[in-house]
Amino acid sequence: MTQFHLPNAEATHEFGKKLGRSLPANSILLLEGNLGAGKTTFVQGLGAGLGIPESIESPTFTLINEYTTGRIPLYHLDLYRLDPSEIEDLNLEQYWEGIEVEPGIVAIEWADRLPYKPDSYLQIELTYTETGDRIATLLNVGQDNVNWGSKLGTN
């Protein structure tokens, strides 16, 4: 588990951008955090790091936004409005198994609502501090340990 201090929205965006520049295709990011914690801001930075020219918007009502114009595709999902039983019917595994979609990065907001998870993923939890800053906690699940500090140029 690795933590990063993000003092403002710009730092959250930049953090996503750095990850976007370094993550390979088939990366799955499960994003957790309270409403307004910066999940969408992070994904906007991720898209910038991937070189996606389109505006990245939260797919709260569309559920899934696909961006295919960057270095690799970005599949941005938001499960906020769904119950776990509704999520099962979406067959989301097609995104992380590369079924009928080009392999890319899958970023899922409100991932704690998933009734099932992929075998390996990067969990990113965004939380507020008492001073209003954010802390990003990264946890690799089912993957080799990664020194995120050196990978992102912060160590």
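Biologist: What is the relative accessible area of tyrosine 80, and is the residue buried or partly exposed?

Modeller: Buried means under 20% relative accessible area, exposed means over 50%, and partly exposed lies in between (1.4 Å probe, protein chains only). Tyrosine 80 has 31%, so it is partly exposed. Please keep in mind that this is a predicted model: local features need pLDDT of at least 70, side-chain atom pairs count only at pLDDT 80 or more, and totals for chains, interfaces and linings use all residues. Residues are numbered from 1 along each chain as its sequence is written, and side-chain values use heavy atoms, with hydrogens and water left out.

Biologist: Now the rings, please. How many aromatic pairs does a search of the whole structure find?

Modeller: A pair of aromatic rings is described by the distance of the centres and the angle of the planes. Rings of Phe, Tyr and Trp (its six-membered ring) pair if their centres lie within 6.5 Å; planes under 30 degrees apart are stacked, over 60 edge-to-face, and the rest tilted. The search finds three such pairs. One of them joins phenylalanine 4 and phenylalanine 15, tilted at 45° with 5.0 Å centre to centre. Since phenylalanine 4 lies in strand 1 and phenylalanine 15 in helix 1, the pair ties together parts eleven residues apart in sequence. Helices (H or I, at least four residues) and strands (E, at least two) are DSSP runs, numbered from the N terminus. Phenylalanine 4 is buried at 9%, and phenylalanine 15 is buried at 6%. Tyrosine 80 and tryptophan 110 also pair: their planes are at 50° and their centres 4.8 Å apart, so this pair is tilted.

Biologist: What lies over the face of tryptophan 110?

Modeller: A charge sits over a ring if NZ of Lys or CZ of Arg is within 6 Å of the ring centre and within 35 degrees of the ring normal. Here lysine 39 lies over tryptophan 110, at 4.2 Å from the ring centre. Tryptophan 110 itself is buried, with a relative accessible area of 12%.

Biologist: And strands: which residues of strand 4 are buried on one side and which on the other?

Modeller: In a regular strand the side chains alternate between the two faces of the sheet. In strand 4, Leu74, His76 and Asp78 are buried on one side, and Tyr75 and Leu77 on the other. Five of its five residues are buried, so strand 4 is largely enclosed by the rest of the structure.
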